[in-house]
Amino acid sequence: MGFELEEWVGGIWHRFITRQASREFPSARVLLPDMQRTLAVLFRAMGGAGGVALEAADHRSLTSRRSLLQHIAGAGRQGAVAWCDADTLRLPSHLAVYPEATLNAELYRWLALLAGQARGMRHWGRDNQHWTHALLQRYPALRPRYRRLVDAHMQWRPDPSSLRRDEAALERAVRQALHEPGSVADFPRSERAPWPVPMWLYPPQQASQPQATDLDTEPGGEQASTNTSTATRKRASRVDDHSGKDGLLLIRLENLFSWSEHVDLDRRGDDSENPDAARAANDLDELAISRRRMRQGGGLKLDLDLPPADVDDLPLGGLMTLPEWDYRRQRLQGNFVQVQMMSPRQSSPAGLPLRLASLARRLRRQFEHLRSDRQWLRQQPLGTELDMQAWIDFQVERQHGHCAERGWFQERRQTRRDMACLLLADLSMSTDAHLDDQHRVIDVIADSLLLFGEALSAVGDPFALYGFSSLRRQQVRMLELKTFRQRYGDETRGRIQALRPGYYTRMGAALRQATRLLAASPSRRKLLLLVTDGKPNDLDRYEGRYGVEDTRQAVIEARRQGLLPFCITIDREAGSYLPYMFGAHCYTLIRQPQQLPYRLPQLYRQLTQP
């Protein structure tokens with residue numbers, strides 16, 4: 001009973017002292033997801049790069065002086081600040097630094113505008129002053145808003161008279177820089193970082209960078225994150241490895257296992273992340289890394305990159321080379337990527353699975369109507385019905401002195417569909433993930449391809465089916481399931497049912513190869529569909545903004561050749577990058593992946609309606 005009472009009193013005390021020590025105003029809190037779309041528009045409107053993603057910033061370690069209450073409560077050691085680099089703009093997941101929600105929302109907007117001016121950071125204090133001054137000079141209407149943010153913030157900054165001499169000098173310099181941006185050229189050095197400035201951007205710190213004592217590199221030696229809550233940059237230090245085999249053996253040899261009884265081999269079969277380990281790593285401010293020296297050839301070396309040739313998919317022809325877009329140099333790198341066309345090795349002719357038979361019959365009936373569908377032809381000299389719109393146009397033109405000859409009738413006639421479609425499916429290793437106890441992503445994609453083929457074979461439109469994955473730029477693997485010349489039948493169904501997850505997602509190269517194949521079709525209208533479950537990525541530098549920019553350039557190249565690229569994804573985070581790659585109206589998100597087999601043919605029908 002006494003122990004429970006002690007815990008109850010301790011909980012009350014912890015909540016009380018934490019509230020008293022907190023610098024935030026919870027009642028005025030503004031969340032980043034509520035403003036993320038608006039902030040992204042502001043950032044890009046002010047000159048921010050389109051490929052930069054806007055994400056939440058994790059907490060950093062702060063070295064500014066803490067109050068007595070914060071020392072008692074154990075608070076104030078960490079905080080979230082805004083920063084940006086070439087790939088991401090990081091803003092706090094919520095803002096509650098002002099007692100009014102309108103001011104916190106205004107602070108979000110100010111940070112997005114300021115980040116649009118940022119072009120690399122050399123000195124934290126001078127650069128933020130320069131960006132602020134340039135922004136206020138270019139847009140004078142922002143001055144009252146900025147002044148309101150500064151005046152409200154000054155009420156909560158520490159009084160310089162209560163600080164040590166070096167900290168007080170630094171605090172006065174920061175105050176002057178906020179009131180008169182550009183007026184402070186040199187900031188005094190101090191053992192302590194200044195009180196956080198919510199209106200300024202902070203520099204991203206590299207891992208293993210030592211703490212700084214001035215403003216030239218990082219104020220207060222704070223740590224920056226590179227992702228959201230799942231991955232953060234940590235301060236690293238190297239330590240000696242004490243798990244070696246040197247030392248005195250203090251056991252009897254009879255107690256040792258024989259070689260047949262014990263083999264030190266890690267048989268872990270699940271490569272998924274350990275959530276407990278991730279949470280523990282997020283709580284650490286510093287990671288200790290040891291270097292273990294092992295003899296060469298002392299273990300069993302396994303090649304896990306590519307399967308042996310006798311079980312790998314069958315190559316079709318030789319390697320082809322494609323360019324790749326380097327956004328840093330703003331140019332295409334010629335002959336940079338190697339593409340290999342392949343066919344599933346373990347495929348054999350197979351019929352449609354029974355579980356899909358009923359839905360396939362329904363789709364075929366729906367799409368057969370498109371083949372026999374007739375359209376109204378307007379402004380015909382003869383026809384079955386009067387074209388009222390043509391008659392109204394004629395009367396309006398006559399009143400304005402124009403009497404152009406035109407037909408006043410309309411007639412419904414059979415028209416020929418002139419549409420070709422290439423469907424490109426992402427077969428990366430992430431498609432091996434389970435959606436539920438019975439279905440994986442790769443299974444849903446295979447069912448979607450089967451039903452898509454059944455529907456398009458009913459309407460008679462020429463179509464092709466391909467899959468892709470990659471392993472660095474030397475191994476972009478395009479899996480040929482059905483070409484434009486091949487008939488959709490049991491051979492194609494067998495190849496689709498033999499699909500298995502591949503490697504990574506070099507999306508730009510796959511789109512360029514698909515563009516080549518589709519551009520050769522004689523059809524007038526050409527639709528390029530991409531089905532994927534995530535962002536572009538690969539083992540080399542094809543990550544983050546590099547992959548996004550290359551994919552966007554590949555989409556632009558496809559449009560220049562008269563193709564219509566359209567992306568269908570099941571990634572719930574797609575809204576942060578797909579509008580930039582494909583355009584705001586050229587992608588769709590399937591929130592329930594199990595609905596993809598049925599939704600895919602329906603989307604094709606909507607996209608190809610005249």
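This is a short tour of the structure above, stop by stop, with something to select at each one.

The model is predicted, so to read it: local features need pLDDT of at least 70, side-chain atom pairs count only at pLDDT 80 or more, and totals for chains, interfaces and linings use all residues. Residues are numbered from 1 along each chain as its sequence is written, and side-chain values use heavy atoms, with hydrogens and water left out.

**Whole chain**

Start with the cartoon view. The protein chain has 16 helices and 21 strands; these are DSSP runs numbered from the N terminus, with helices being H or I of at least four residues and strands E of at least two. Of its 610 residues, 43% are buried, that is, under 20% relative accessible area with a 1.4 Å probe and protein chains only (exposed is over 50%, partly exposed in between).

**The largest nonpolar core**

Next, select Leu 424, Phe 452 and Leu 529. Among the 79 residues of the largest nonpolar core, these three touch the most other members. Such a core is a set of buried Ala, Val, Leu, Ile, Met, Phe, Trp, Tyr and Cys residues joined through side-chain atoms within 4.5 Å. Now color helix α11, residues 441-459: with 13 residues, α11 gives the most to this core.

Then select Val 30, Ala 82, Leu 95 and Trp 131. They are among the 50 residues of another core, which lies apart from the largest one.

**A cavity between helices** Where to look next? A search of the whole structure finds 2 cavities of 30 Å³ or more. On a 1 Å grid over the protein atoms alone, a cavity is a set of points where a 1.4 Å probe fits but cannot get out, and lining residues have an atom within 4 Å of a point. Grid points are joined across faces, edges and corners, and a volume is the space filled by probe spheres set on the points.

Select Glu 106, Arg 109, Trp 110, Leu 113, Leu 142, Arg 145, Tyr 146 and Leu 149, which line the second largest cavity. Its volume is about 40 Å³. Helices α4 (101-117) and α6 (143-154) are the elements that give two or more residues to this lining, and α4 gives the most, with 4 residues.

**Asp 151**

Finish on helix α6, where Asp 151 is found. Asp 151 counts as partly exposed because its relative accessibility is 37%.

Definitions and conventions. On a 1 Å grid over the protein atoms alone, a cavity is a set of points where a 1.4 Å probe fits but cannot get out, and a pocket is an open set with protein on both sides within 12 Å along at least five of seven lines; lining residues have an atom within 4 Å of a point.
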